[in-house]
Amino acid sequence: MGYWNGKKVLITGGLGFIGSNLAHALDRSGAELTLIDDLSSGNRFNIRGIKKVTVHEHDFNDARLLADAMTGTDAVFHLAARTDHVAWREDPVPYVQDNVQGTLLLLDAWKKLAGPKPKIIHTGTRGEYGPQTRLPVSEDARPNPLGLYELTKWQSLQMMELYARQFGLTFVHARLTNVYGERARMDTNASGVINWFIRLAMDDEPIPVFGNVQRDVLYVADCVDALMALAETPGAQGTFNVGNSQPVRLHDAVDQIISAAGHGRAVRTDYSPERKAQEPGDFYPDIGKIRKATGWTPKTRFTDGLAQTIAYYSKNRTQYWQKQKPKGMKQP
Ligand SMILES: NC(=O)c1ccc[n+]([C@@H]2O[C@H](COP(=O)([O-])OP(=O)(O)OC[C@H]3O[C@@H](n4cnc5c(N)ncnc54)[C@H](O)[C@@H]3O)[C@@H](O)[C@H]2O)c1
């Protein structure tokens, strides 16, 4: 019997990229799932094949829904968020509504639960660190975010720390790196640079490579393993980097993508002004803390992750290539 067998789990953002991969992994492990997702960037196809699941296609900013969905759960993975890194420059307030006020609503619903309360696993971002001079970057580095998206994730952390001090919240704030893999939106460059470059390569389009910074990349199955390990480990509390301590230069990553896809060509270009304003430079994380706490470490080589990702999208291209037009589309 594994840890998750028969456990009740809520995932907000469960129809999205990471949330749906997490749902598949938890389903395979025997968990009973509830997902909340308003389909603003999620995709129903992402959970095809999962049988034991309750899905609320609804905005998670709803105290009653959160209270009902959290009751009796063993773990809550809070992934729903505004995730576009640059769209806030035109329209900032929804980031605060979803990523700050929404997280507070969830924490307050958690506080009011009667009986045993679940651990909350929240997804932050490496972008919270912003530019840092000391690499690899450890959890002790002071955040220095360059964008509102990243700032709102840091604010969520601060609220969770407050709820831990005042009300005994057990939580993890997982600072995720550049995650790539299957079940991401592929109709926009807003869902991660590696996935977008994979699409361009598969379409034999020019790949605009701006800068040659060092970045770490993480295959989605490894990311999901990390989130589950952090949830399972009683002593895992607070902030953890979830990334890859082996960085890759962007030009090398693009070469590997082109070689895996068998198409595409790199074109050196300048940053757009808004990307330039938010470019933190070289980054890769110190993952010693999560290793020590849980034993987790990334297992998938970039070439293998790319091959699996490309195979998935080759088979399911029609589900991802067209712009999805669900209700209340939030991302460009
Ligand atoms: N993908 C990455 O590389 C990466 C990196 C760092 C952090 N993260 C974080 O991980 C989490 C998941 O990211 P993802 O890449 O899977 O993004 P995603 O956009 O694929 O998933 C987010 C999901 O949340 C849903 N959602 C958004 N607002 C909602 C609302 N108000 N009510 C209900 N559902 C809502 C969307 O429909 C979507 O399905 C996010 O919190 C993101 O900030 C992702």
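A salt bridge is a side-chain nitrogen of Lys or Arg within 4 Å of a carboxyl oxygen of Asp or Glu. Keep that in mind; we start with one.

Arg-199 forms a salt bridge with Asp-203, and their closest N and O atoms are 3.1 Å apart. Before more, some ground rules. This is a predicted model, where local features need pLDDT of at least 70 and side-chain atom pairs count only at pLDDT 80 or more, while totals for chains, interfaces and linings use all residues. Residues are numbered from 1 along each chain as its sequence is written, and side-chain values use heavy atoms, with hydrogens and water left out.

Back to our pair. Are they buried or exposed? Buried means under 20% relative accessible area, exposed over 50%, and partly exposed in between, with a 1.4 Å probe and protein chains only. Arg-199 has 14% relative accessibility, so Arg-199 counts as buried. Asp-203 has 24%, so Asp-203 counts as partly exposed.

Next pair. Asp-282 and Arg-249 meet through their side chains in a salt bridge, 3.9 Å from N to O. Asp-282 lies in the loop between helices H8 (273–277) and H9 (288–294), and Arg-249 in strand E12 (residues 248–249), so the pair ties together parts 33 residues apart in sequence. Those labels come from DSSP runs: helices are H or I with at least four residues, strands are E with at least two, numbered from the N terminus. How many salt bridges does the structure hold? There are 11.

Now the sheet. It is open, with 7 strands in the order E3-E2-E1-E4-E5-E6-E11 and parallel pairing. Two strands pair if DSSP finds at least two bridges between them. Which strands stand at the edges? E3 (53–56) and E11 (238–242) do; each has a single partner strand, so one side of each is left without a neighbour in the sheet.

Look at E6. Of its 6 residues, 6 are buried, so E6 is largely enclosed by the rest of the structure. Phe-171, His-173 and Arg-175 point one way, and Val-172, Ala-174 and Leu-176 the other. E6 pairs with E5 over 6 bridges, in the parallel sense. There, Gly-124 stands opposite Arg-175. The chain crosses from E5 through H4 to E6, and this β-α-β crossover is right-handed. That term means that, with the strands pointing away from the viewer, the path from the first strand over the helix to the second runs clockwise. E6 also runs parallel to E11, joined by 5 bridges.
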